[in-house]
Amino acid sequence: EAGPHLAGAFARAGLVDEYQLFVAACFLGSGARPLLDWPLGRMAEAPRLKIIGMRAVGDDWRIIAVPQPVG
């Protein structure tokens, strides 16, 4: 929970081994803060993740994903 700038810097530098993402059953709206500050020009530039686990946590979902190697 470092905030989008620091989290994005770690992700862009390849320093993240695993992501734990929580998905809630609600919309946050256009004022919501991003998860990562990682500017992308196109979806094709988006790093791919491999989902290795997913389970319900109360009314939310926890997704565990790891970065996929590039190439």
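How much accessible surface does the protein chain have, and what share of that surface belongs to carbon and sulfur atoms? In this predicted model, the accessible surface comes to about 6,000 Å². Carbon and sulfur atoms hold 58% of that area.

The protein chain has 71 residues, and 13% of them count as buried. Its C-alpha atoms fill a box of roughly 35 × 30 × 25 Å along the principal axes. Charged side chains were also examined. The protein chain carries 7 positive and 7 negative side chains. The centres of these two sets lie 6 Å apart.

Read from the N terminus, the order of the elements is α-β-β-β. Contacts were then sorted by separation along the chain. Among contacts with a separation of 6 or more, 57% join residues 24 or more positions apart.

Helix α1 spans residues 4-12. Within α1, the residues P4, G8 and A11 are buried. These residues lie on the same side of α1, because they cover an arc of only 60 degrees around the axis. The cover over the buried residues of α1 includes β1, which spans residues 19-23. Just after α1 comes G14, with a positive phi of about 75 degrees.

Definitions and conventions. Residues numbered from 1 in each chain as written. Predicted model: local features only at pLDDT ≥ 70, side-chain atom pairs only at ≥ 80, totals over all residues. Heavy atoms only, no water. Buried < 20%, exposed > 50% of the residue type's maximum accessible area, 1.4 Å probe, protein only. Helix = DSSP H or I, 4+ residues; strand = E, 2+ residues; numbered from the N terminus. Arc of directions from axis to C-beta. Contact = heavy atoms within 4.5 Å. Areas by Shrake-Rupley, 256 points an atom, 1.4 Å probe, with all protein chains shown as cover. Lys, Arg positive; Asp, Glu negative; His and termini not counted. Charge placed at Lys NZ, Arg CZ, Asp CG, Glu CD.
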